[in-house]
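Here are some friendly notes to read alongside your structure.

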Amino acid sequence: MTRTRTTAAVLLGTVMGATLLLPGCQSADISPIESARIQFGDTVRLEKASKIRGGPGRSETVHAVKGSSGLTGYVATVWCKSKSNLFPVRVVMDKDFLVLSVRVLSYPSRRGREVRSACFTGQFTGKSPSDPVKVGKDIDAISGATSSSSVMADGVRRAIHAARRMGAQ
């Protein structure tokens, strides 16, 4: 097999094995502290975690991110329920609850994977508690992933409000 064919076979195996990550996506093994450090730098630490369980596809974990000057922001992990599976989404916010980044940590189905793309997740950047964060209002759904787009928007909205509740404590 020539080098070109080997590379093509590896790439095809990676795609077929579902390990392909689109730009703006991360694998499920990235921790909340790694997400915080990507956004805020290496000197931050995570403090108190707030876990809220609300049934299948309705749980959130929120960490306060602290730096040398105090509270820097929040890192939330929410579970969203697509038509057939749960998938985790990581939301990083500043101390005023403005969304800085959203990443789908893993997506278990073939259909709907487009929600991992940077062009979709980028729509959440800058959203705040006063924004609807709703498909059809301020978020555009992705064709072929309409249901996943909606549940992900709901998950991001839940993350923002969970961080806000945590910040009020």
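**Notes on the model**

1. Let's begin with R158, which is buried, with a relative accessible area of 9%. Buried means under 20% relative accessible area, exposed means over 50%, and partly exposed lies in between (1.4 Å probe, protein chains only). Salt bridges with shared partners bring E60, D154, R157 and R158 together in one network. Within it, D154 forms a salt bridge with R158, and the closest N and O atoms are 3.2 Å apart. D154 and R158 both sit in helix α4, four residues apart, or about one turn of the helix.

2. A word on what you are looking at: this is a predicted model, in which local features need pLDDT of at least 70 and side-chain atom pairs count only at pLDDT 80 or more, while totals for chains, interfaces and linings use all residues. Residues are numbered from 1 along each chain as its sequence is written, and side-chain values use heavy atoms, with hydrogens and water left out.

3. How many salt bridges does a search of the whole structure find? The search finds six. A salt bridge here is a side-chain nitrogen of Lys or Arg within 4 Å of a carboxyl oxygen of Asp or Glu. Side chains of opposite charge can pair when their charged atoms come close.

4. One of these salt bridges is between the side chains of K66 and E47 (3.3 Å, N to O). This pair links distant parts of the chain, with K66 in strand β2 (residues 60–67) and E47 in strand β1 (residues 45–52), 19 residues apart. K66 counts as partly exposed because its relative accessibility is 23%, and E47 counts as partly exposed at 29%. Helices (H or I, at least four residues) and strands (E, at least two) are DSSP runs, numbered from the N terminus.

5. Another salt bridge joins the side chains of D138 and K127 (3.3 Å, N to O). Both D138 and K127 lie in the loop between α3 (118–121) and α4 (146–167), so the pair ties together parts that are 11 residues apart in sequence. Buried or partly exposed: which describes D138, and which K127? D138 counts as partly exposed, at 21% relative accessibility, whereas K127 is buried, with a relative accessible area of 13%.

6. Seven of its eight residues are buried, so β2 is largely enclosed by the rest of the structure. β1 and β2 run antiparallel and are joined by seven bridges; two strands pair if DSSP finds at least two bridges between them. S50 stands opposite V62 in β2. β2 also runs antiparallel to strand β3 (residues 70–81), with eight bridges between them, and V65 stands opposite G73 in β3. β2 and β3 form a hairpin with two residues between them.

7. A search of the whole structure finds one cavity of 30 Å³ or more, and the largest cavity has a volume of about 30 Å³. On a 1 Å grid over the protein atoms alone, a cavity is a set of points where a 1.4 Å probe fits but cannot get out, and lining residues have an atom within 4 Å of a point. Grid points are joined across faces, edges and corners, and a volume is the space filled by probe spheres set on the points.

8. Which residues line the largest cavity? They are S35, I38, Q39, R90, V92, S101 and R103. α2 (32–40), β4 (86–94) and β5 (99–104) each supply at least two residues of this lining, and α2 gives the most, with three.

Technical notes: On a 1 Å grid over the protein atoms alone, a cavity is a set of points where a 1.4 Å probe fits but cannot get out, and a pocket is an open set with protein on both sides within 12 Å along at least five of seven lines; lining residues have an atom within 4 Å of a point.
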